[in-house]
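Take a look at the model below.

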Amino acid sequence: MENDELWIIGDLSWANAQQTLKLLKQINCKNISLVIGNHDTTIIKDPQIRSRFKEICEYKELRLENGYSAILCHYPIVCFKNHMQGGYHFYAHTHLGFEEELTQNSIKDMICKYGKTERMLNVGVMQPYMNWRPISLEQAVQLIEMREKKWMQNAEWIDLSKYKP
């Protein structure tokens, strides 16, 4: 836990800087990074908030141990880099609203209509499968693979927004 790496994919907090700092101090992890979300522009100007992060960026590309890439961006990108080569994309902007439904329909079309892999996952903590907690990269990949496997077996779409482990 303490030596893990935690990525917050935007919309850090709607609280003021003092309350947000108090919350950040409760996280038992030394390596916290932030992908900036649309609600973060003011809060990240605070030097004490900024000092809590190892890295702050708007977009991040990671190379995973399995050889694939992962794109971290607050906003969903349907045609993200390496999406046709099995890469992953983790986002959060859409919360549980109509934009998430639009994104899920795009993922569904990519998989069901076009037979292409689309390994995207909304990792916003308000998602039922997130249970207001961060999940590991392995858990995120398992959720994506479960959705793909289920579709391949039954040609049935799994709406992860309703999935709760």
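Phe 90 is buried, with a relative accessible area of 4%. Buried means under 20% relative accessible area, exposed means over 50%, and partly exposed lies in between (1.4 Å probe, protein chains only). This is a predicted model: local features need pLDDT of at least 70, side-chain atom pairs count only at pLDDT 80 or more, and totals for chains, interfaces and linings use all residues. Residues are numbered from 1 along each chain as its sequence is written, and side-chain values use heavy atoms, with hydrogens and water left out.

| Pair | Centre to centre | Angle between planes | Type |
|---|---|---|---|
| Tyr 68 and Tyr 88 | 6.1 Å | 85° | edge-to-face |
| Tyr 88 and Phe 90 | 6.3 Å | 5° | stacked |

Tyr 68 sits in the loop between β4 and β5 (69-73), while Tyr 88 belongs to strand β6, so their pair ties together parts that are 20 residues apart in sequence. Strands (E, at least two residues) and helices (H or I, at least four) are DSSP runs, numbered from the N terminus.

Is Tyr 88 buried or exposed? Tyr 88 counts as buried, at 0% relative accessibility. Tyr 68 is partly exposed, at 31%. Tyr 68 has a charged neighbour too: Arg 119 lies over the face of its ring, at 5.5 Å from the ring centre. For this label, NZ of Lys or CZ of Arg must be within 6 Å of the ring centre and within 35 degrees of the ring normal.

**The sheet of 4 strands**

Now the strands. An open sheet has 4 of them, in the order β4-β5-β6-β7, with mixed pairing. Two strands pair if DSSP finds at least two bridges between them. The edge strands, β4 (59-63) and β7 (119-122), each pair on one side only. From one strand to the next, the twist averages 20°.

Strand β6 (residues 88-91) runs parallel to β7, and 4 bridges join the two. Within β7, Asn 122 is the bridge partner of Tyr 91.

Helix α3 (residues 98-113) packs on this sheet and touches β6 and β7. Contact means heavy atoms within 4.5 Å. The direction of α3 makes about 170° with that of β6. Axes are lines fitted to C-alpha atoms, for helices over the stretch in contact, and angles run from 0 to 180 degrees between N-to-C directions.

Gln 104 lies in helix α3. Gln 104 counts as buried, at 9% relative accessibility. Its side chain makes a polar contact of 2.8 Å with the side chain of Glu 100. A polar contact is a pair of N or O atoms within 3.5 Å; within protein, one must be able to donate a hydrogen and the other to accept it, and residues adjacent in sequence count only if both atoms are side-chain atoms.

**The sheet of 3 strands**

Another open sheet has 3 strands, ordered β1-β2-β3, with parallel pairing. Its edge strands are β1 (5-8) and β3 (55-57). Here the twist averages 15° from one strand to the next. β1 and strand β2 (residues 31-35) pair over 4 bridges. Leu 6 stands opposite Ile 32 in β2.

Definitions and conventions:
Phe/Tyr/Trp six-rings, centres within 6.5 Å; stacked < 30°, edge-to-face > 60°.
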